Amino acid sequence: MKNFKKLLAVLLAGLMLLSLAACGAKDENVVKKGMLEVGDFEGIRTPAHLEHMNSKMGRPDGAGSDYVKYSNLSAALMDLESGKIVCVCVEECVANYVAARNDNLTVRDTGMKSSFSMMTTDSNKEVYDILNNAIIEMKADGTLDKLIENELMAYINSDPTPKDLPHFDGARTIKVGVTGDLPPMDFVASNGKAAGFNIALLAEIANRAQINIELVQIETGARPMALSSGKVDAVFWTRDLTCTVCNASSSEAVEGTIVTESYFSAKSTILELNSAK
């Protein structure tokens, strides 16, 4: 696991942090002439988002958008700095965290909204029940609201504190993928420990279900593959709440998966350079 802050300093050198949803090298074949290239992450959105994003962001006639897919955060940041893309799609809490650390970045609302859930395979119903039941309980008793206030919003202007997950001798172990790409939700500290809101959420789930959770670092764009291959039992997932067509073909319907109740929702925003028009 890499130090997130160190990664930014090395790769950005005074440019911008970024964060939601994730991605590898730019594929020149997917960039159409006259389109605005928008950085996004592999396995997240489909072409249905193009028209939806255009309408929500008020693009002028003839100025559409095309998504350039990345498998990790650092690659998207480098292309944003160099001008290969005009902005990066990311949720508001992450965008605010990033922009607070880089004066070159501006956060812009897209008029859309996303929800955060956990995803597992539909053949792994037992894991789904453990995760989903805990999330439902946490919503009902107010624990989730407290976690959002203390482990998410409190870290917009400061880095999350690493937390140790509980351990129960002889208990079942569930492997969960983490990326470090979405601070302060998914964050990797300088000592290599995962931190942030998602880790606090997992600690609460582990305590309620009396299970052990093993964290497995994966790239954001590799989450569906890690899940289908059995490398992990569950991943964190984001769904677009304002685009029914988008969800029907992507985040709602990754083949062979099932998604839990949402544990958090946020505005969908973009990060762009201050000089962007």
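Tutor: Buried means under 20% relative accessible area, exposed means over 50%, and partly exposed lies in between, all with a 1.4 Å probe and protein chains only. Helices (H or I, at least four residues) and strands (E, at least two) are DSSP runs, numbered from the N terminus. This is a predicted model, in which local features need pLDDT of at least 70 and side-chain atom pairs count only at pLDDT 80 or more, while totals for chains, interfaces and linings use all residues. Residues are numbered from 1 along each chain as its sequence is written, and side-chain values use heavy atoms, with hydrogens and water left out.

Student: What makes strand 9 mostly covered?
Tutor: Strand 9, residues 235–240, has six of its six residues buried. V235, W237 and R239 point one way, F236, T238 and D240 point the other way, and all of these are buried.

Student: How do you know that strand 4 and strand 9 pair?
Tutor: Two strands pair if DSSP finds at least two bridges between them, and six bridges join strand 4 (residues 105–121) to strand 9, so they pair, and they run antiparallel. In one of these bridges, M118 has F236 of strand 9 as its partner.

Student: Why is N212 called buried?
Tutor: Its relative accessible area is 6%, which is under the 20% limit, so N212 counts as buried. N212 is found in strand 8 (residues 212–217).

Student: What makes the link between N212 and H167 a polar contact?
Tutor: A polar contact is a pair of N or O atoms within 3.5 Å, where within protein one must be able to donate a hydrogen and the other to accept it, and residues adjacent in sequence count only if both atoms are side-chain atoms. The side chains of N212 and H167 are joined at 3.4 Å, so the distance falls within that limit.

Student: Why is helix 5 called roughly perpendicular to helix 7?
Tutor: Helix 5 (residues 125–140) and helix 7 (residues 197–209) pack at an angle of about 105°, with their axes 10 Å apart. Angles of 65 to 115 degrees count as roughly perpendicular, under 35 as roughly parallel, over 145 as roughly antiparallel and the rest as oblique, so helix 5 is roughly perpendicular to helix 7. Here axes are lines fitted to C-alpha atoms, for helices over the stretch in contact (heavy atoms within 4.5 Å), and angles run from 0 to 180 degrees between N-to-C directions.
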